[in-house]
Amino acid sequence: MRDVMILITIVKTDFSKCFEDYRRKYVKFVSEERAMKIERIKSEKDRIRTLLAGLLIRSQIISRTGLKNEEIFFDYGEYGKPFLRGRDDFYFSVSHSGECVAFVSGNEPVGIDIERQNRGNEKIARRFFTENEYKKIYGTDSAVSFSKIWTSKEAYIKMTGKGLSQGLDTFDVLDGTSNGYFTTFEIEGGYTVTACSVNPERKFRAEVITEEDLLNNFIKTKPPA
């Protein structure tokens with residue numbers, strides 16, 4: 001099996017601008033579908049995160065495929081996972097939490113999840129984790145954090161494209177029985193990030209960029225058709 005380079009980009013925002021600033025300058029660069037989704041969201045921060053996710057997806061597709069923004073279109077799988085139209089060699093996934101939005105892409109199916117490390121408790125683990133996973137956190141041989149398992153499970157169901165239709169307790173991310181291979185790391189601010197690939201020979205490269213780095217990518221970019 002050939003090596004897979006998994007490219008991860010994380011953008012951080014400080015929510016210093018109000019959403020109206022983004023609406024005037026940047027909503028025009030995402031699809032009409034995402035713009036309408038943003039308008040339905042009530043939370044100011046959730047609006048900003050959803051917009052930044054859309055911009056991050058597009059900026060990375062532009063950078064990694066050479067497509068222009070107006071050439072980017074998406075199709076959707078049975079469970080709603082987006083795919084880049086006309087490119088069966090490019091897979092991607094996106095996740096956001098708190099001040100961060102994370103994006104991953106590769107030439108085979110991938111998934112990503114980012115979460116604040118203060119999330120989680122034993123009740124959630126008992127409900128959504130396998131017995132083996134639960135014991136690795138709360139058992140006598142506990143050696144794995146809640147956030148590592150949670151982000152691995154989320155990244156896995158994003159990779160498969162089945163989402164929450166695939167019960168989180170129906171697969172184990174620690175015992176090697178799933179067809180997912182995981183890379184987990186932490187970033188400043190108390191976040192855990194996990195990327196999932198179908199390839200055991202995966203390699204990854206991660207970068208953290210500022211919001212301004214992301215927005216500057218659209219200075220000379222045309223809005224989508």
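User: Are Phe92 and Phe103 buried or exposed?

Analyst: In this predicted model, Phe92 is buried, and Phe103 is buried as well.

User: How is a pair of aromatic rings described in general, and what kind of pair do Phe92 and Phe103 form?

Analyst: Two aromatic rings are described by how far apart their centres lie and by the angle between their planes. A search of the whole structure gives twelve aromatic pairs, and one of them joins Phe92 and Phe103, with 5.9 Å centre to centre and 15° between the planes. Planes under 30 degrees apart count as stacked, so the pair of Phe92 and Phe103 is a stacked one.

User: Which parts of the chain does that pair tie together, and which residues form an aromatic cluster with Phe92 and Phe103?

Analyst: Phe92 belongs to strand S4 (residues 91-97) and Phe103 to strand S5 (residues 100-106), so the pair ties together parts that are eleven residues apart in sequence. Phe74 and Phe90 form one aromatic cluster with Phe92 and Phe103.

User: Which charged residues lie over the face of a ring?

Analyst: Lys45 lies over the face of Phe15, at 5.1 Å from the ring centre, while Arg126 lies over the face of Tyr134, at 3.8 Å from the ring centre.

User: Where do nonpolar side chains tend to be in soluble globular proteins, and which residues have the most contacts inside the largest nonpolar core here?

Analyst: In soluble globular proteins, nonpolar side chains tend to be buried together. The largest nonpolar core here has 30 residues, and those with the most contacts inside it are Tyr22, Leu51, Leu52, Leu55, Ile61 and Leu214. Two or more residues come from each of H1, helix H2 (32-40), helix H3 (44-65), S5 and helix H7 (211-216), and H3 gives the most, with eight residues. A second, separate core has 17 residues, including Phe129, Tyr134, Trp150 and Phe182.

User: What does Tyr22 touch, leaving out residues up to four places away in sequence?

Analyst: With those residues left out, Tyr22 touches Thr13, Lys17, Val27, Ile48, Leu51, Leu52, Glu211 and Leu215.

User: Where is Thr13 found, and why does Thr13 count as buried?

Analyst: Thr13 is found in the loop between strand S1 (4-12) and helix H1 (19-25). Buried means under 20% relative accessible area, and Thr13 counts as buried because its relative accessibility is 6%. The side chain of Thr13 reaches the backbone nitrogen of Phe15 at 3.2 Å, and, leaving aside neighbours within four places in sequence, Thr13 is in contact with Tyr22, Leu52, Glu99 and Glu211.

Technical notes:
Residues are numbered from 1 along each chain as its sequence is written. This is a predicted model: local features need pLDDT of at least 70, side-chain atom pairs count only at pLDDT 80 or more; totals for chains, interfaces and linings use all residues. Side-chain values use heavy atoms; hydrogens and water are left out. Rings of Phe, Tyr and Trp (its six-membered ring) pair if their centres lie within 6.5 Å; planes under 30 degrees apart count as stacked, over 60 as edge-to-face and the rest as tilted. Helices (H or I, at least four residues) and strands (E, at least two) are DSSP runs, numbered from the N terminus. Buried means under 20% relative accessible area, exposed over 50%, partly exposed in between (1.4 Å probe, protein chains only). A charge sits over a ring if NZ of Lys or CZ of Arg is within 6 Å of the ring centre and within 35 degrees of the ring normal. A polar contact is a pair of N or O atoms within 3.5 Å; within protein, one must be able to donate a hydrogen and the other to accept it, and residues adjacent in sequence count only if both atoms are side-chain atoms. Contact means heavy atoms within 4.5 Å. A nonpolar core is a set of buried Ala, Val, Leu, Ile, Met, Phe, Trp, Tyr and Cys residues joined through side-chain atoms within 4.5 Å.
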